[in-house]
Amino acid sequence: MPEKNISGQNLKSLSKTASELPQSGIRRFFDIASQMANVISLGVGEPDFATPWTVREAAIYSIEKGQTTYTSNLGLIELRREISKLNFKRYGVEYNPDTEILITTGVAQGLDLVARALLDPGDEVIIPEPCFVSYKPCVSLAGGIPVPVETNDTNNFQVSLAELEKKVTPRTKAILIGHPSNPTGAILERETLIEIVNFACKHGLYIISDEIYDRLTFDGDHVMVASLPGAFERTITLNGFSKTYAMTGWRIGYACAPPEILHTMMKIHSYTMLSAPTPGQKAALEAARRGERDAVLMAAEYKRRRSLIVGGLNEIGLTCLNPGGAFYAFPSVRSTGLTSEQFAEQLLYSKQVAVVPGSVFGLGGEGHVRCSYATDSKLLKEALVRIGSFVDELSKVSVQPQSPKQKTDQLV
Ligand SMILES: Cc1ncc(COP(=O)(O)O)c(C=O)c1O
């Protein structure tokens, strides 16, 4: 029976699952910030560097040569071989490039594929939060049920085994972790990862491990989850070129998993994407072969900026842990008496600095804001001055929570 939609047309309703998806809280802030002048954005989670020139040139050359067709569904074999070599060199983990590596359109697509490959309707996925904003929607869109587990700054956002055990049910299929973490920058310690692997083994679960920031660790070596005892056969590793090589717009990522899992993901990919963009794959090949120097230089610059922003925020009185990786600081704003949403909105309107309220990243995020330091040092310094003066002014007036009416007016 046709239904009337709001505009009175004779149309059935849109998908309930899709309609009920919340709009990305990050996007909303970008939209507001993009309408304002003189904004310093610490909101965007992408490198401020252009892709290294040699990488761009490799893609231009391939286009000039007319290499503009689809590739194999799995992606260019040369690229898969390079990824396989790098995994082995860095982490001692060996994935067969013929059957265990799939080139995706970014980790974003890898997340979608893995959720659809693993889940039947009603299957549950345990997700430590705060976490990247796409994790829950990808699980929901695949018919699964995201089951959040809170982590917080009192123990540096480590996942507690006791909390995991409380959430597991007969419907639990997988645990989805991202480390280093967006938004907190926290790194899961080796002991925590071993506990997660043992937990997954005990309950027969898959581990989905988003390691897109693996090359952005500042105080020690990254631990690849699949390298831990018992992990390989149940782990799907997602990674990509966006962050390490400043290649967000090229849309190239990859999934590594044992053959049966990878084959199932590849089938979905072959119907819905066919193959990742060919110029992007050519660019990624160049990055994988010769991009190391640029990657190291960019990582060193992020590390310098980390000291700048973490030191600056702590001086202002916004307590901030030293993030071990990625390029996000996640200071506490509790001392201001504002919620994270109020803090971000008022800071944007009064000082034109865009940060993301921690509440959009799920449990454990409230009371914090995410500040990306993939932002030029000069701008970071200016942003710190503005945040400092905002907090100073707040401390001089008693803070009145905004009424919903005021909030709506401001957002229009
Ligand atoms: C943790 C995490 N995973 C995945 C992505 C998406 O990456 P890609 O550009 O490879 O799709 C991001 C982007 O911000 C991210 O922070």
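## Helices H3 and H10

Helix H3 (residues 53-64) packs against helix H10 (residues 278-290) at an angle of about 140°, and their axes lie 8 Å apart. Axes are lines fitted to C-alpha atoms, for helices over the stretch in contact, and angles run from 0 to 180 degrees between N-to-C directions. Helices (H or I, at least four residues) and strands (E, at least two) are DSSP runs, numbered from the N terminus. H3 and H10 are therefore oblique to each other; angles under 35 degrees count as roughly parallel, over 145 as roughly antiparallel, 65 to 115 as roughly perpendicular and the rest as oblique.

H3 contributes Thr 54, Val 55, Ala 58, Ala 59, Ser 62 and Ile 63 to the contact, while H10 contributes Pro 279, Lys 282, Ala 283, Glu 286 and Ala 287. Contact means heavy atoms within 4.5 Å. By class, the contact of H3 with H10 has seven nonpolar, two polar and two charged residues (Ala, Val, Leu, Ile, Met, Phe, Trp, Tyr, Cys and Pro count as nonpolar, Asp, Glu, Lys and Arg as charged, and the others, Gly among them, as polar).

## Basis of the model

This is a predicted model, in which local features need pLDDT of at least 70 and side-chain atom pairs count only at pLDDT 80 or more, whereas totals for chains, interfaces and linings use all residues. Residues are numbered from 1 along each chain as its sequence is written, and side-chain values use heavy atoms, with hydrogens and water left out.

## Helices H11 and H13

The axes of helix H11 (residues 292-316) and helix H13 (residues 377-396) come within 10 Å and cross at roughly 10°. That makes H11 roughly parallel to H13. Among the residues in contact are Leu 308 and Ile 309 of H11 and Leu 384 and Ile 387 of H13. In total, the contact of H11 with H13 has eight nonpolar, three polar and three charged residues.

## Two domains

The chain is divided into domain 1 (16-50 + 294-411) and domain 2 (68-291), with bounds from an automatic or database domain assignment. Their centres, taken over C-alpha atoms, are separated by 26 Å. In domain 1, 35 residues are in contact with 34 residues of domain 2.

## Loop features

Glu 129 and Pro 130 are joined by a cis peptide bond with omega of about 5°. Pro 130 belongs to the loop between strand E3 (124-129) and helix H6 (135-141). Phe 157 is not a glycine, yet has a positive phi of about 60°; this residue lies in the loop between strand E4 (145-150) and helix H7 (161-167).
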